Each structure stands twice: as structure tokens, then as C-alpha cells.
Amino acid sequence: MGTPNTPSYRKLNTIINPHATKFGDRDDLNHTIYINKDGKHTWRPLTIINPFLYMDLVDFITKNEDSSKKHGNGWEFIKRRLNNFKSDKIHCASIPIESKTQKSDKGETILTWWELFEQQTISKSLDYSYCLFTDISNFYPSIYTHSIPWALYGKDIVKNNLKDYNKSFGGEIDKKIRKMQHNQTNGIPQGSVLMNFIAEIILGYIDFELAKTLEKYVDDYYIIRYRDDYRIFTNNLADIETISKHLQKVLLELNFNLGSAKTFVTRDIIMDTIKKDKLYWEPYRTMIKTSVKCGKDNQKITLQKHLLEILKLSKNFPNSGMIMKSLKEFYDDRKSELSELRSDYRVLISILADIMFDNPNSISCCIIIISKILENTDKEEGRKVVDKLFRKYKSKANTDYVEIWLHRLAIMVYDETSKKPDGLFNSILYTKILDETTNLFPVDWILLSTSYKEPPIIDKKMFENMKTKIIDSEIDVLNKDSYY
């Protein structure tokens, strides 16, 4: 497939097969997996964008000049435009961040959310009496791709000069995103930093238009935005009404709506800022921490009771972020106990299976804890556990993401001589990852040499050298317990 510097990435149009169906008319170029949001019937599509199309868009954004010659280098123009969106009254806390420390980019993003969104919201309670909590309903699927050039140049300017701006830098970005998703103009692919960045351009434009509008109506307010979530602070309810009315008006101009389910006004800013799952769990966490750290061995809360408390948390606040944090802390604080072969290990695994089955975001943490428990059992017992976990999920739809983690656990217990049960790991993504004869992405629309072979989506050398034991860094995002 090449590297980002190869001609195939730099000039996509030079390698398109003229005899194939136009790639914009195809709906099979990307691969979409579905992540369960609530353990029940709500799903979020995550799109693995075709690497040729992904790198073509990255290359275009970072290197091309605007065809109108008015704005110079496109990347520099975007940065200037984002800077122009800034306002003293509206603060964006969600521009993608490149980590400058040992933490991952995701870890830095989480800490930024905590420091600039949650913590700033609490601190603003000193300055303001009211806060409106709201968000944009169904944001990513509602993005109108033509709003990308609108955001870069201004909607009225583009609409009044369509012929010129259809071929502009922003117009080309719009066109490339449409072509990568079967010429759709509604929605952009979810699940990548690149698309989060595109979304921020549109959200920044909304901030800009809102701030410009509010200059005529309200002076005493402050807004903190993290992606499509808003915290709007004022000192009277009339200003809340004014701001929400004009925010809705700006959103409607761009094909969006406020989400009524999460919209409310509060005077109790601090308590409503801190998530309910965190308020619920903190007393239990303090009690458990004290027991584990200070109690004698025979006085510590048992592993089983500890996990049962986390199970109760998961029943009260399904798929909440605090479940994953509590599991991470359970693992960090009790890994030495987990390494010992325990008589109740089947019970511990059963509780973890219950937690992960109804709380999809906890799968990675549950798997690493189960792997630690299985380290001192024989491989046959481990194979039985993997088989039972798989069969528990067999009735679930869209198990691609689950199977990736179950396979990571299976590496510990299956070897070349072990026969995997029939039907184990059958998702399309998993099958294509391991089957070297099948391409994950179609290539017939591209002119390639007859010897071309799609590189494996996984690093085979790293895969073969992978430690049998799952290591902490495989799930550690923050590298320290900074959130608490």
C-alpha cells in the first residue's frame, strides 16, 4: 500500500482505475464496525476509512494551496481560521491534542476534558448563578458536508459564489469526504482523529457565528464547549433563554438541533457538573481504598465483594465511565492478589463476564483482569473460559470489537496444537485480519501492479512476539491515576 510519501497517496487521481466503477459510487471502500453504547439496542458506527482515501485527504489538507490563491497554504489557512473562531466569551476545550509527555494522545485528551471542561465548569460557579447544560443532537450523522466550506469561508459567501467555491480548498475537502462515503452529503465517518478535526472546524464556525450574534443581545455570559457538549453560564434566566434561542437558530442554519434529552438549567452548578456515577462511587471507593491499603489481610474487603460493588455500580449506571475507572483501580491495587491461584476464581470471572456483557466500554479492563486470574490456571481451564465467554456473546449482534479483545485473551491459552471450537471468532473484521488471502479493503478501483498484496492490518512480527501475559500498558490510557 505504500507510505504517506508515495505517489499513490500524494496523487490519488493518477492511480484510479478508469475501467472500474467510480469510487464515489461505491459503498464498500471503508470498513464499519458497530460499538454497543448501552449494552442493549443502541449502536455507534465506527468507520475504518480506506487508507488510500484517508491519507489522500490528510495529504491534501496539509499540503495543498487554495485554488483561489486568496488564502495560500491550506493547512496554514485552517489554523488561521480556527484562531479567528476564538472568542473571549466562548472557550473550546476539544481541539485534538498531540501528547508531549509519556501519556498517549488519548490520555492527554481525557485530562484536557477533565481540566478544561469539568474543572472549569465548577470554577465558573463562583462567577455565575445559572448554567445551561445542552448538546447537539446526533451531531456526526447530521453534519452536512457542504458546511465544511461554509465554515472555512462563511456560508453566505459560498452560497453566493458557488461556482468558485465548489473548486476551492474547502470545496475539495467536502468532495473528498463525500466520495469516501458513497457520495453522501449527510454525516461524516465517525471514529478517527481526522474526522474529529473536521468536526471541530464546523463547531468552531458555530462558536464564531454565535459569539457574533450575541454581541447584540447579551454581554454577561460564558460558554465552555467540548465537541458538541455545551455549558452556558449566565447570571439570570432571561439571558439563558436568549442564548439558547440564538444557538438553536445558528444550529438550524447548519442542519443541527439541540438535544432535548440532555438539556437542563441549574443553579446547583457544582453538583450537576460532577457526573452522578462519580458521586455514587466516591464513598464506596474511599471505603474500599481504606480497606485495601490499611486493613490487615484478614480484614481487607475480599476480591469478590470488591467486584460485586463494581457490579452494583454497573447496574445503577450502565456503561458509565466510572465502571472502567473502578475496574482499572481494582486491577492496579489488587494485581498481586489476582496473581495467586484462588478457589473462587470461577466466581470472579463470572462477575467480570456479567459486568462486561452489559457494559461494552469495560471490555478491555475486564479482559486484562481475567487474564491475570488465569495466569496460574492450566491452559485447558483457560480455553474453557474463552469458549464460555465467546458463547455468552454468540447471541449478540456486531461482535467485531468484542472478538478483538477475546482473541487477545485466547492468545494466552491456545497454541498451534489446540483446536479452537467451531464458530469461535467469526466476525468479518476478525476473519479478514487473519486471512492473508482476503483484502480488508477492495482495491479493484485502483491501478496496482499484479504483484500487489495488501499489507496485513496487524504487525505479524509484533503479533508473534507478543507476550503471553497481557501487560498493563495495553489498557492504560493515563499512565497514572490523574482523574481522581
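This section describes the fold, cores and selected residues of a predicted protein model.

The model is predicted, so local features are reported only at pLDDT of at least 70 and side-chain atom pairs only at pLDDT 80 or more, while totals for chains, interfaces and linings use all residues. Residues are numbered from 1 along each chain as its sequence is written, and side-chain values use heavy atoms, with hydrogens and water left out.

The average pLDDT of the protein is 84, and 80% of the residues score at least 70. Here pLDDT is the predictor's confidence in each residue, from 0 to 100. Residues 1-10 have a pLDDT below 50, and this stretch has 24 contacts in the model beyond near neighbours in sequence. A contact means heavy atoms within 4.5 Å. Residues 478-484 also stay under 50 in pLDDT. For them the model has 26 contacts beyond four places in sequence.

The protein contains 21 helices and seven strands. Both are DSSP runs, numbered from the N terminus: helices are H or I with at least four residues, strands are E with at least two. Of the 484 residues, 49% are buried. Buried means under 20% relative accessible area, exposed means over 50%, and partly exposed lies in between (1.4 Å probe, protein chains only). Among contacts between residues at least 6 apart in sequence, 74% join residues at least 24 apart.

The largest nonpolar core has 62 residues. Such a core is a set of buried Ala, Val, Leu, Ile, Met, Phe, Trp, Tyr and Cys residues joined through side-chain atoms within 4.5 Å. Leu152, Ile173, Met195, Ile198, Ile206, Phe256 and Trp445 have the most contacts inside this core. Helix H10 (residues 193-214) gives the most to it, with 13 residues. Ile198 touches Ile61, Ile148, Ile173, Ile177 and Ile188, not counting residues up to four places away in sequence. Another core, of 48 residues, lies apart from the largest one. Its members include Phe330, Tyr345, Trp405 and Met412.

Strand S5 (221-226) is largely enclosed by the rest of the structure, because six of its six residues are buried. Tyr221, Ile223 and Arg225 point one way from S5, and Tyr222, Ile224 and Tyr226 point the other way. S5 runs parallel to strand S3 (residues 90-92), joined by three bridges. Two strands pair if DSSP finds at least two bridges between them. His91 has Ile224 of S5 as its bridge partner. S5 also pairs with S6 in the antiparallel sense, over six bridges. Arg225 stands opposite Tyr230 in S6. S5 and S6 form a hairpin with two residues between them. In the turn, Arg227 has a positive phi of about 50°.

Asn235 lies in the loop between S6 and helix H11. Its relative accessibility is 31%, so Asn235 counts as partly exposed. Leaving aside neighbours within four places in sequence, Asn235 is in contact with Asp127, Tyr128, Ser129, Tyr130 and Asp220. Asn235 and Asp220 are 15 residues apart in sequence and 7.3 Å apart in space, C-alpha to C-alpha. Their side chains are joined by a polar contact of 2.9 Å. A polar contact is a pair of N or O atoms within 3.5 Å; within protein, one must be able to donate a hydrogen and the other to accept it, and residues adjacent in sequence count only if both atoms are side-chain atoms. The side chain of Asn235 also reaches the backbone oxygen of Asp127, at 3.4 Å.

H11 (residues 237-253) has 17 residues and should span 24 Å at 1.5 Å a residue. The expected span is 1.5 Å times one less than the number of residues. The end C-alpha atoms of H11 are 25 Å apart, which agrees. At the start of H11, a side-chain oxygen of Asn236 reaches to within 3.1 Å of the backbone nitrogen of Ala238. The buried residues of H11 include Asp239, His246 and Gln248, along with Ile240, Ile243 and Leu247. The buried residues of H11 pack against strands S4 (130-135), S5, S6 (229-234) and S7 (264-266), and against H10. Just after H11, Asn255 takes a positive phi of about 80°.

Arg334 is placed in helix H15 (residues 321-338). Its relative accessibility is 1%, so Arg334 counts as buried. A polar atom of the Arg334 side chain lies 2.6 Å from the backbone oxygen of Ile301. The side chains of Arg334 and His306 are joined by a polar contact of 3.1 Å. Beyond four places in sequence, Arg334 touches Val292, Lys300, Ile301, Thr302, Leu303 and His306.
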